[in-house]
Amino acid sequence: MAFNKLLQRQIKKAVGNTDGWSEKQLALLQIISESYDYNEKDRKMLERSMDLSSHEMIDLNNNLRKEADARLHNNEHKFKSLIENTFDAIAVINMQSEIAFISDSVKRVLGFETEDLVGKKVDLFLHPEDLLNISNQLGEVISNHSSSKMILIRIRKNDCSYAWCEGAVTNLTNDPAVGGFVLNFRDITERKEHEDAIEKSLSQLKKSNQELDKFVYSVSHDLRAPLLSMLGIVDITESSTSEEMTVQHMNMIRGSITRLDSFIAEILDYSRNARMELKRDPIDFRKILDETTSDLKHMREETKPVDVRIEVKEEDYFVSDKTRIEVILKNLISNSIRYANPNENSPYVNIRIKSDSQKADIEIEDNGIGINEEYHQKIFEMFYRVSENSTGSGLGLYIVKETVDRLYGTLSIQSKTGKGTTFNISIPNAGKRFYESPLLITNY
Amino acid sequence: MVSPLFDRIMILDDTSIDRYITSYVVKQNNFSNEIIEFGMAAQALEYLERHFDQPEKLPQLLFLDIRMPQIDGFQFLEKLTLLPPVILENCYIIVVSSTLDPADLRRSSENPHVKKFLNKPINKSHLAEIRNELAAKNSEPSF
């Protein structure tokens, strides 16, 4: 009978042999031996399976490593072929700020050969004024891993001129396939020069516009100044005489001076409307009307007093160009006063304004001398005057029409000789247009 | 006849005819006892600097033109702030101009020393306006 080998060794060591053991004792040993065998088999199986799995793991590990290497290699390959084939010039800058790699397109953009660049410090090829900016940008991409920053820098070319380059710098220092900063860029010198030229001509235009503005105001001032001196002398002459004829003559001179002066003001209004960009101001109609009518007060004193009635309903904020709104109202109201009917016992002008989110409707109605229907189209023409009694310059309504057009508004007239005139004007609310359609406002 | 509203006013304007008009209207309306006229800002500054410690020489009101050669009205005001403050403190400054430039009006209203803007030419009703405003501001004028 053969027991399990381990058990045999243990018996031999403990008791020498089993001679003289009883049947029962031997039977027990046999059972023990079987359980030894069993355990041994179990352990062997476990060992074998462990052995097997560790083999598998090593294999797997090896496979993975191989795959990773292949992938890395593949990535490097892909990366290189990508940067070699892209239109953008690409350079890799290592952590020592040396140029580690350049794409073929770099040669095309800058005119250098690979050996001129690779291994050199990148600073050598950057414009000194840009260095601080670049190191700031790099600092940002370093502190913020794998982020990318847009850059606009000057890079030195082989011919020692600088090319304006636009592109991005990306931090791939953690990527083993790259291990540096990737700088991709394209030469935009031509575009930049165009842009600079446009900017320059824009600022020149702005400057010449400002100069023209200054010129227009200076000229109008210099034209007015002697007129107003004359007006002053007329005033003091009149106030220091009791001679009726002199007073009458002074009044005639004053009338002529005033006409010439308002003509200058109208030319100024015209040039302003034609030239000045549209502005967007909050419009307070009551305030504008108060100012306009108080400006016209002295004019009313000279003719028959005209009752100016104002009715304003503002349902929403109204936005438009304040100066232009003032020009429109001033011209129309002064016309109503100037052309009041001398046969009318109670001459009036009714100003009704209703504004909402869409538009402002302006109605200016008078019971003045009126305009014959046949002239309704012509009165808006430049320098058109209805009769020899017109004391205006023939510019007023032309300016009104031009200004309303400029504000994208509409204008209509109803008038009958001897009955009176009504102007209806509608001006869009530039505030609402802006919020509803920002594109529309680009015209604004 | 009521006594003049001011003891002394100053007119600073490069146009002599406008100085003539203003001073004529001032005299005619018994607006001020004495009128100091200057055609150049530099002369006015020199006068004010020389007399800053003599209150009986300083103007209580100034009619100031804007557009003048060399030093214009606004530059004059700037230079005035560099002189002893007593000059500005006791002077009611009124800008008088024939400008149509809104920028001139804006600059006048933004200047803390400018109390009023008047369009040329100065006339009787302008002076009445000033009189009323000063009366409303101070029921007992200290002038």
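Student: Which residues are buried on one side of E3(B), and which on the other?
Tutor: The answer rests on a predicted model, in which local features need pLDDT of at least 70 and side-chain atom pairs count only at pLDDT 80 or more, whereas totals for chains, interfaces and linings use all residues. Residues are numbered from 1 along each chain as its sequence is written, while chains are lettered from A and ligands numbered from 1 in the order in which they are written. Strands (E, at least two residues) and helices (H or I, at least four) are DSSP runs numbered from the N terminus, and a residue is buried if 20 or more other C-beta atoms, placed from the backbone, lie within 10 Å of its own, exposed if 12 or fewer, and partly exposed in between. Both faces of E3(B) are covered, with B:Leu61, B:Phe63 and B:Asp65 buried on one side and, on the other, B:Leu62 and B:Leu64.

Student: In what order do the five strands of the open sheet in chain B stand?
Tutor: Two strands pair if DSSP finds at least two bridges between them, and in this sheet of chain B the pairing is parallel. Strand E2 (32–38) and strand E5 (114–119) of chain B each have a single partner strand, so one side of each lacks a neighbour in the sheet. With those two at the edges, the order reads E2-E1-E3-E4-E5.

Student: By what angle are neighbouring strands of this sheet turned against each other on average, direction ignored?
Tutor: The axes are lines fitted to C-alpha atoms, for helices over the stretch in contact, and angles run from 0 to 180 degrees between N-to-C directions. With direction ignored, the average for this sheet is 20°.

Student: Which residue in E3(B) is the bridge partner of B:Ile9?
Tutor: Strand E1 (residues 6–12) of chain B runs parallel to E3(B) and is joined to it by four bridges. In that pairing, B:Ile9 has as its partner B:Leu61.

Student: Over how many bridges do strand E3 and strand E4 of chain B pair?
Tutor: Within this pair, B:Leu62 stands opposite B:Ile93, and B:Leu64 stands opposite B:Val95. Strand E3 (residues 61–65) and strand E4 (residues 92–97) of chain B pair in the parallel sense, and the number of bridges is five.

Student: Which helix gives the most to the side of chain A that touches chain B?
Tutor: Two residues are in contact if their C-beta atoms, placed from the backbone, lie within 7 Å, and 15 residues of chain A are in contact with 16 residues of chain B. Helix H6 (189–239) and helix H7 (244–275) of chain A each supply at least two residues of the side that touches chain B. With 13 residues, the helix that gives the most is H6(A).

Student: At roughly what angle do the axes of helix H10 and helix H11 of chain A cross?
Tutor: Two packed helices are described by the angle between their axes and the distance between the axes. Helix H10 (residues 322–338) and helix H11 (residues 396–406) of chain A have axes that come within 9 Å, and these cross at roughly 150°.

Student: In what order do the five strands E1 to E5 of chain A form an open sheet?
Tutor: Strand E1 (residues 89–93) of chain A is joined to E2(A) by three bridges, and A:Val92 has A:Phe101 as its bridge partner. Strand E4 (residues 162–172) and strand E5 (residues 180–187) of chain A pair over eight bridges, with A:Gly167 opposite A:Phe185. The pairing in this sheet is antiparallel, and the order is E2-E1-E5-E4-E3.

Student: Which are the edge strands of that sheet in chain A?
Tutor: An edge strand here pairs on one side only. The two edge strands of chain A are strand E2 (99–102) and strand E3 (148–156).
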